[in-house]
Amino acid sequence: MQLPTTIHAGAGADHAGAVTLPSETPAVSREPPPAESAPPLDPRLTANLKYDIPAGLVVFLVALPLCLGIALASGAPLLSGIVAGIVGGLIIPFVSRAQLSVSGPAAGLAAIVLAGIGNLRSFQAFALAVVIGGVLQLALGLLRAGAISHFFPSSVIKGMLAAIGVLLILKQFPHAIGFDKDNFASESFKADGGNTFTMIGQAAQAIEWGAFLLSAVCLAILVGWEKSRLAKISWLPAPLVAVLVATLGNELFRAAIPSLALEQKHLVSLPTGDGAQSLFSALQLPDWSAILRPEVWVLGVTLAIVASLETLLNLEAVDRIDPWHRKSPPNRELVAQGLANIASGLAGGLPVTSVIVRSSANTNAGARTRVAAFTHGALLLLAVVFAAGLLSRIPLACLATILLVTGYKLAKPKIFAEMRQLGWNHFIPFVVTIVAIVLTDLLKGIAIGLGVGVLFVLRAQMSRVFDVIHEGARVTIRFNKAAYFFTQGKLVTLLERLPSDTHVVVDAQGVSYIDHDVAELIRRFQQSAHRRNIHVELRGF
């Protein structure tokens with residue numbers, strides 16, 4: 001008696017590390033467990049003030065130059081970046097249920113904003129487009145469109161987080177040593193007169209020694225703080241101490257060693273005026289006469305789509321670094337973002353999204369609830385009105401060092417090792433996403449990473465679609481799972497190689513779905529098989 005011989009179609013695929021879309025549920029999770037458990041969390045917002053308020057102060061200090069830098073890169077008034085930061089901090093926490101996400105102007109939208117302002121030839125008309133985008137975002141949230149974020153593979157989301165970490169290290173290193181030629185908020189691969197790597201080379205040859213020394217002290221504080229007894233002081237995060245020490249250190253340089261003191265171009269710069277009234281009068285409010293211009297509506301739709309997608313992706317990423325593994329409702333977040341963009345546009349601000357850099361800094365500073373994001377927005381408002389002169393003494397090098405440490409935590413080698421353990425089907429889209437984001441921008445990089453991830457999903461789907469069992473003159477082709485159109489290539493090759501004078505059974509019993517193209521291919525083979533003296537029996541079609 002001849003024993004059956006089974007051939008697995010597509011054998012050799014990396015099943016353990018297959019990329020799965022959210023609609024698929026793996027039987028066994030291969031995700032590594034968290035390195036350490038988070039401390040107990042009191043659900044009451046007020047119970048966590050000793051953690052949230054200091055963290056909000058740290059995020060405010062990081063957000064301040066980022067808001068200004070993004071406005072500068074967008075070709076918009078500097079005050080519009082601050083307005084967006086204030087709105088993102090004061091409005092969104094009241095509506096959103098994302099505990100650690102921080103919202104404000106995003107570097108990823110800078111190119112769209114710059115082109116939009118140039119096309120409309122008026123910032124006031126652009127502000128109207130922001131209002132329209134906010135209304136559309138609000139509608140998307142009410143229509144429950146937030147589920148789109150669930151269709152991005154985890155490898156791409158983790159790649160986005162690691163890419164932001166790599167970007168922070170590459171882009172903030174020059175600022176940490178006093179080379180402030182590039183925009184502090186830049187995330188683009190292109191830089192003034194070159195690219196990210198040439199900028200690092202130029203910075204290494206033009207070190208500002210005062211900035212270098214302050215950054216070294218800040219780095220020592222940030223790294224050593226967690227290992228010392230001072231880490232037990234929950235209301236005093238290390239980044240805040242680093243800012244205070246660096247600011248006092250630069251003032252000491254001014255008094256004792258003027259050659260090491262940093263010039264104003266290396267410090268935080270805020271728009272100033274004669275009190276709150278002059279600042280409010282500088283706001284450029286929407287031009288409602290442009291409501292009928294088609295290009296205003298096109299830009300509004302573009303902002304709504306891009307800002308929503310960036311927010312949802314960032315929200316998913318922030319949930320992954322939340323020590324308490326809380327899940328933020330995406331539809332409610334779109335509603336919150338829509339309301340914030342309506343308010344930002346009405347006040348003459350830039351479009352608002354959830355931003356991963358500030359959210360990561362918020363998490364690393366020890367925030368526990370959305371009170372931290374609200375605190376950062378309130379401090380931005382108070383700063384621009386009352387404390388512009390005081391804040392203009394903070395060295396950018398210190399803030400860059402805080403972002404360097406944040407970047408390392410997002411992209412530390414351990415993360416790469418964990419992703420490699422999950423298999424090539426996870427690791428390759430992860431790495432491709434990182435490289436693509438670093439060399440292009442956030443949204444393009446995610447699109448490239450998603451494309452590669454989908455290819456691996458297709459590869460996994462094509463593996464073992466059917467088994468081929470040979471029993472003498474009888475051949476059974478048994479489908480194991482749903483067969484889609486992209487399995488036709490393997491099936492055609494198999495059918496062409498079947499020997500003459502055989503009885504072929506094509507068994508699709510128990511399979512949930514057979515694509516029309518696959519079924520049609522099999523029926524055509526059935527109709528022509530008699531020429532080779534092959535009898536075809538179909539089951540389950």
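**View 1. The largest cavity in this predicted model comes to about 200 Å³.** Here a cavity is a set of points on a 1 Å grid over the protein atoms alone where a 1.4 Å probe fits but cannot get out, and lining residues have an atom within 4 Å of a point. Its volume is the space filled by probe spheres set on the points, which are joined across faces, edges and corners. Of the 22 lining residues, Leu66, Ala107, Ala185, Glu187 and Val357 sit closest to the centre.

**View 2. Helices around the largest cavity.** The elements giving two or more residues to the lining are α1 (49-73), α6 (154-176), α11 (294-321) and α13 (356-364). With five residues, α6 provides the largest share. Helices are DSSP runs of H or I with at least four residues, strands are runs of E with at least two, and both are numbered from the N terminus. Across the chain there are 21 helices and nine strands.

View 3. Out of 541 residues, 52% are buried, meaning under 20% relative accessible area with a 1.4 Å probe, protein chains only.

**A note on the numbers.** Residues are counted from 1 along each chain as its sequence is written, and side-chain values use heavy atoms, leaving out hydrogens and water. As this is a predicted model, local features need pLDDT of at least 70 and side-chain atom pairs count only at pLDDT 80 or more, while totals for chains, interfaces and linings use all residues.

Key
Buried means under 20% relative accessible area, exposed over 50%, partly exposed in between (1.4 Å probe, protein chains only). On a 1 Å grid over the protein atoms alone, a cavity is a set of points where a 1.4 Å probe fits but cannot get out, and a pocket is an open set with protein on both sides within 12 Å along at least five of seven lines; lining residues have an atom within 4 Å of a point.
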